[in-house]
Amino acid sequence: MAITSTQKSAIEDIINILVAATPSRGKRKMADMFLDLVDRSDWPEYYEVIPEPRCINGVRANVEKNRYKDPLNAYTDLSLVFWNALFYNEPGSQIATDAETLKNILVTEWQKRTVLPSPRLSPPPASPQKVHKALASAQPQLGQPAAAAAIKPDPSNSKLAPSQLASSPEMDVDVNGMSPEPEGQSEEAGMGSVAGDGDGDSETIIRQLEQSLPRWDGFGDSGWMSEINKDRLLDLVVAIKSHKDVVGNRLAVALEAVPEEPTSPLLSYQSHLSLKIMEGRVRSGSYESAKAFDLDMARLFEKARRWHEPCTEPYGHVLLLQRLYHALTSSSPPSGPPYTSTTNFASIRAGPGTARPLHSTDSEGVPGVTTFRVSNKDRTFVEEVHYKGWSVRLADWLHLSNPDDPSRPIVGQVFKPWLSDDPAKKGQPGVTVCWYYRPEQTFHPAHTMFMEKEVFKTSHFADHPVEDVIEKIACQFTARHIRGRPRPPFWYPGWPLYVCHSRYNDRERLFVKIKNWSSCIPEEVRKKEEFMPIYAFERLVYPPKVGSPFVGGKNTVKGPGGIGEPVERAEGEKIEGGGTGRKRAKRNNAATAEGTAVAGTSSSATLIRPAATLAGTSSALPSYYSQQAGQAQKAHGAATGTDAKDRTMLTAAGNLSVPPVVDKLPPETTKYFDRSPETNELLWFGAPPLNVARPPAVKHSLTYLHFLARKRKEMDKSESNADADAADNAIMDVDHSDNNGAEGSNRGGPHRATAKRLRGTVPPTVTEMMKTALDAVSGQLEQ
């Protein structure tokens with residue numbers, strides 16, 4: 001089927017923008033070089049290097065003639081125009097620069113138009129970047145036989161039928177990380193490839209497999225609304241169209257925002273449909289039966305669920321209106337209009353993260369809604385139940401109405417379908433479901449990383465009537481999720497798909513890795529040879545990881561969970577749901593274990609790293625070096641009077657989900673590292689110094705140094721002149737006294753001695769010393 005008129009118009013607008021694009025400076029059009037194909041006679045080597053030549057005018061002609069069956073095919077051809085130019089031309093050249101600019105404009109403009117599917121950012125499979133990379137990697141290596149280097153087809157170009165993608169046997173995977181990994185391949189490398197930072201083929205492999213899988217046939221023939229008065233149909237349409245929330249916002253805006261034409265080839269139908277069209281059909285009496293109306297309403301909600309992004313406000317409005325419609329068409333509809341509900345029309349009082357077991361009560365004395373085991377009271381178990389075209393069986397995965405947040409439906413697996421034996425609800429169908437929590441419904445440390453679309457198994461079971469069922473979904477354990485996609489009827493392309501790796505204990509806020517997936521599914525299913533077989537990928541594909549939903553600035557979400565640490569319980573303390581508490585050693589004090597050195601008492605240091613890094617696989621987590629644990633810092637703080645707060649890396653990391661392994665660094669290693677002069681702690685930095693030249697030290701200019709030398713010379717000269725002047729003045733004073741007959745006529749008087757001292761002291765000669773001694777002896781003899 002060709003692309004829709006709305007999508008065609010959007011693509012034509014993008015092409016016009018590309019053609020009219022000009023550089024920031026100048027009026028030339030950058031797309032002129034890309035409008036037509038390269039001349040084959042002038043550039044024959046171009047067609048030898050470029051596997052799929054493309055031009056803008058060729059893509060425009062194909063769009064006008066409706067030759068594209070999928071909008072992404074038109075996007076791929078447009079992107080090939082620029083990928084080809086980037087490969088053939090030298091980097092930094094004008095044509096390569098223009099190609100990069102136009103490629104970015106294409107991505108930006110395409111993402112702005114919501115009627116178009118999300119584009120790929122990596123090179124297409126037919127691009128020279130992919131093709132020649134595959135050829136280069138297939139060349140024989142030094143010392144490698146040519147037969148071993150045979151060229152293998154690019155996985156992104158393979159077109160395998162579902163029958164060719166055989167299901168692989170279950171793989172026993174037991175790893176310490178969040179995602180299993182094959183032998184010899186690190187988890188971090190796998191994660192990078194999925195995010196598009198590695199070889200870029202993971203996205204292509206997933207898309208290629210899902211495109212080859214069989215499509216969903218649509219809703220079944222059972223469980224539809226029975227015959228009712230046609231006037232009742234108009235009331236249902238008006239109720240959905242006019243329903244408002246407590247603030248006064250009309251929720252049907254989310255339905256009216258969906259285009260009338262089909263929005264995805266994965267829908268169960270490909271005809272035009274909207275709430276306006278349905279209202280017109282009801283008013284004109286076009287519906288022959290209530291079942292036909294009911295089927296169109298189910299298809300409308302399906303279309304809206306696929307159109308809006310999950311967990312957004314419009315998506316929540318669609319699910320709320322769907323649950324309202326289920327309530328209005330049930331055997332006991334709510335009173336109204338207007339229709340109001342404190343639980344968003346869900347049959348239970350609280351959802352994941354806020355629900356309590358039935359035998360417990362909240363602060364207001366209201367009992368809970370979940371149990372810790374499947375109940376068989378007042379019910380008859382059956383093989384399957386039917387509702388709105390869905391056939392719900394044992395072990396099926398479902399989206400169910402969440403009374404706390406309609407935009408985040410409950411993820412659960414059916415453990416028992418049943419028919420009620422309660423006299424008030426005799427014969428009404430329902431299901432007992434095991435709940436799975438989303439990351440935002442758990443308490444976890446801020447540094448916790450989650451896989452995309454990850455959920456966690458809990459021990460909570462809840463009874464839901466079939467009116468709570470939103471749609472069927474699927475959930476895979478990690479060991480299978482990285483290897484393929486479920487086979488029908490467990491999953492079809494377009495259905496929501498989740499991945500699970502751990503259990504969540506909400507009473508102690510702990511995540512425990514699931515080692516045996518069979519223990520998580522109903523007992524009746526375990527007896528089968530294989531549950532949820534898969535179509536295998538051509539290689540392992542790891543899901544990307546994301547941070548905590550409560551950390552990330554403007555992208556943070558609100559949920560019943562939050563940032564928190566595991567709950568420590570005293571040994572023997574009773575735990576809700578059975579069992580007793582166990583005393584666990586605090587992770588923060590792991591560094592104080594035996595063998596850890598105290599600051600200033602040893603020349604060795606401590607290496608602390610997660611236990612997962614010792615399992616034979618590489619890890620991207622950094623190692624942390626710490627000279628002592630918190631006790632040493634507290635002792636030093638008490639001795640020096642400084643802040644005694646524990647600042648070790650273990651404390652900063654918080655409670656780790658895996659206990660750290662503490663190794664002691666030998667003295668011959670630690671002697672090469674500097675220590676703090678105040679605490680004697682080993683100084684360790686998380687990154688090497690920058691590889692840049694150090695700036696020269698500040699120096700005085702030659703002009704300034706010349707000024708200082710001249711100033712010093714003048715000061716020395718002035719000091720010597722001052723001494724000479726003082727000596728001359730003293731001599732002149734003595735001579736003046738002699739001429740006037742004043743005191744001091746004796747040449748050996750004090751004035752002459754002062755003048756000598758001013759001129760400088762000369763040591764006496766030997767003759768003078770002997771004469772002085774003889775004079776002294778003569779004087780004594782005379783006396």
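How many helices and strands are there in the chain? The chain has 21 helices and 19 strands, where helices (H or I, at least four residues) and strands (E, at least two) are DSSP runs numbered from the N terminus. This is a predicted model, in which local features need pLDDT of at least 70 and side-chain atom pairs count only at pLDDT 80 or more, while totals for chains, interfaces and linings use all residues. Residues are numbered from 1 along each chain as its sequence is written, and side-chain values use heavy atoms, with hydrogens and water left out.

Of the 783 residues of the chain, 41% count as buried, a term that stands for under 20% relative accessible area, with exposed meaning over 50% and partly exposed in between (1.4 Å probe, protein chains only). Among contacts (heavy atoms within 4.5 Å) with a separation of 6 or more, 68% join residues 24 or more positions apart.

The interior can be followed through its nonpolar cores, each a set of buried Ala, Val, Leu, Ile, Met, Phe, Trp, Tyr and Cys residues joined through side-chain atoms within 4.5 Å. The largest has 59 residues, and W435, Y436 and W517 have the most contacts inside it. Strand β6 (residues 429-437) gives the most to this core, with six residues. Once neighbours within four places in sequence are set aside, W517 is in contact with W397, Y436, F477 and C500. Apart from this core lies another, of 34 residues, which includes V282, L300, A304 and F345.

The structure also holds 24 aromatic pairs, that is, rings of Phe, Tyr and Trp (its six-membered ring) whose centres lie within 6.5 Å, with planes under 30 degrees apart counted as stacked, over 60 as edge-to-face and the rest as tilted. The rings of W216 and W390 are stacked, because their centres are 5.2 Å apart and their planes are at 5 degrees. This pair links distant parts of the chain, since W216 is in the loop between α8 (202-212) and α9 (230-242) and W390 is in strand β3 (residues 390-393), 174 residues apart. W216 counts as buried at 12% relative accessibility, and W390 is buried at 6%.
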